[in-house]
Amino acid sequence: MFSYFILKKKALNYLLKMYIFKYILIYKINFKYIYIYINIYIYIYIYMTTLVEYVWIGGNNELRSKTRVCEKNINYVSDLSSWNYDGSSTGQASGGDSEVIIRPCALFNDPFRGENHKMVMCDTYTPTGEPLSNNNRLWAKNIFDQALGEEPWFGLEQEYFLIDPNTNKPLGFPEDKDPPPQGQYYCSAGANNAFGRDVAEEHLMACVNAGIKISGINAEVAPGQWEFQIGPCTGIEEGDHMWMARYLLDRVAEKHNVIVDLEPKPVKGDWNGSGCHTNYSTKNMRLGTDVRTGLDYINDAIEKLSHKHMEHMNVYGSGNEQRMTGAHETASFDTFSDGVANRGASIRRGNETVANGCGYFEDRRPSSNCDPYLVTGKLFETTIL
Ligand code: ADP
Ligand code: MN
Ligand code: MN
Ligand code: MN
């Protein structure tokens, strides 16, 4: 009943916008008809058909989706029921018992279909309710729920390559030879420097329209390599927004007939790999307390991380050892290091954070193909729990 009144107010505003009342005055339309119009409008508003794209993570951490037509308006995750798909087609179940259950977790607007249509990030379960082996969301949510008062914020920098399906090389790489060496491409402009801007730009707009917390994009160090940043997001929200942003990137790239490559070292040789730098802070790191500065809390966290280096590397993405050679703005794969403004360290504190005595720090180790649920959950587990 409550929402009915809200809708009635919305409908009234709408009619006002349409200058209906001007016509009442001019043509002396009977108010009874206006009342009927309002109710027809509410009826349409409640019973509008909504297309919902259910998105989930497949057996090789690829993103998959299918569409459900709902004969009502969808405003919250709780308006949606669970669904299922054929897991034998995604490498996640046998043909004999093929059903995988998807549970809606985070709702976004559908920037492609527009209007009231939605997209929903889901996690995956067996029919008996067990999470699938790569459903890391459930684990991460449980980690965050143990200390919600810490208010962890994350900002992830997703680097990626755009691949030309005809040459199988990144955009900007000629078919038969290498392009000029790195230097001219990072944050560049111009047809000889920046390759694939249409995709990066359209993806940015899609994220904004979907309601994803995207904080920027830039051209990266290698040709055809780009980055987008998701955050700051609180706790589990970071993984939800990052996975949906990756899905939108796949969809935009599909439109432009290019392939998104999230591998950490897709081009061997003297070319940068792709990472997923993870910026992180808790409330105490951002603000400090009466007795300690934010930087004290940051230093504590980094000290804890230094004792669990390999444990973290194990969940920071696959193929990362090819990227983390110590060259190309990376630290080495098997040793932990930290520093101020040092892009060759595992962990970097920004100059501003040190100067202010509070703020956040950057874990530069996660690779571009990492699972953000695992990375954010693991950071929180090691530093806080
Ligand atoms: P870099 O200088 O390493 O390229 P970026 O500007 O690409 O950094 O990304 C920084 C990310 O850190 C952004 O996503 C931003 O939203 C996030 N961020 C900013 N402040 C905080 C904070 N206090 N805690 C966590 N993340 C933050
Ligand atoms: Mn960046
Ligand atoms: Mn970068
Ligand atoms: Mn960074």
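**Entry 1. The whole chain.** I began with burial and found that 41% of the 385 residues in the chain are buried. I note here that the model is a predicted one. For overall extent, I looked up the box filled by the C-alpha atoms along the principal axes, and it is roughly 80 × 60 × 55 Å. I then looked up the secondary structure, which comes to 12 helices and 14 strands.

**Entry 2. Domains.** Where do the domain bounds fall? The assignment gives domain 1 as 2–47, domain 2 as 50–134 and domain 3 as 143–384. I looked up the centres of domain 2 and domain 3, taken over C-alpha atoms, and they are 26 Å apart. In the contact between these two, domain 2 puts in 13 residues and domain 3 puts in 14 residues. I wanted to know which strands lie on the domain 2 side. Strand 1 (50–57), strand 2 (63–70), strand 4 (99–109) and strand 5 (118–125) each supply at least two residues there. Strand 4 gives the most, with four residues. By residue type, the domain 2 side has 10 nonpolar residues, three polar and no charged.

Entry 3. Five strands make an open sheet with mixed pairing, and their order is 2-1-5-4-3. Which strands stand at the edges? They are strand 2 and strand 3 (83–86); each has a single partner strand, so one side of each has no neighbour in the sheet. The twist from one strand to the next averages 40 degrees.

I then went through the pairs.

- Strand 1 and strand 5 are parallel, with four bridges between them. At this pairing I found Val52 opposite Lys118 of strand 5.
- Strand 4 and strand 5 are antiparallel, with eight bridges. Here Ile102 is opposite Thr124 of strand 5.
- Strand 3 and strand 4 are also antiparallel, joined by four bridges. Here Tyr85 is opposite Val100 of strand 4.

I checked burial for strand 4. Nine of its 11 residues are buried, so strand 4 is largely enclosed by the rest of the structure.

**Entry 4. Helix 6.** I moved on to helix 6, which covers residues 237–255 and has 19 residues. How far does helix 6 reach from its first C-alpha to its last? The span is 27 Å, close to the 27 Å expected at 1.5 Å a residue. Is helix 6 largely enclosed or largely open? Of its 19 residues, 15 are buried, so helix 6 is largely enclosed by the rest of the structure. Just after the helix, I noted that Asn257 has a positive phi of about 55 degrees.

**Entry 5. Lys283.** My last stop was a single residue. Lys283 belongs to helix 7, residues 283–287. Why does Lys283 count as partly exposed? I looked up its C-beta neighbours inside 10 Å and found 15. A residue needs 20 or more to be buried and 12 or fewer to be exposed, so with 15 neighbours Lys283 counts as partly exposed. Leaving aside neighbours within four places in sequence, Lys283 has contacts with Glu150 and Glu151. I also looked up Tyr297, which is 14 residues from Lys283 in sequence; their C-alpha atoms are 9.7 Å apart.

Technical notes: Residues numbered from 1 in each chain as written. Chains lettered and ligands numbered in written order. Predicted model: local features only at pLDDT ≥ 70, side-chain atom pairs only at ≥ 80, totals over all residues. Contact = placed C-beta atoms within 7 Å. Expected span 1.5 Å × (residues − 1). Domains from an automatic or database assignment. Nonpolar A, V, L, I, M, F, W, Y, C, P; charged D, E, K, R; others polar. Pairing = 2+ DSSP bridges. Axes fitted to C-alpha atoms, helices over the stretch in contact; angles between N-to-C directions.
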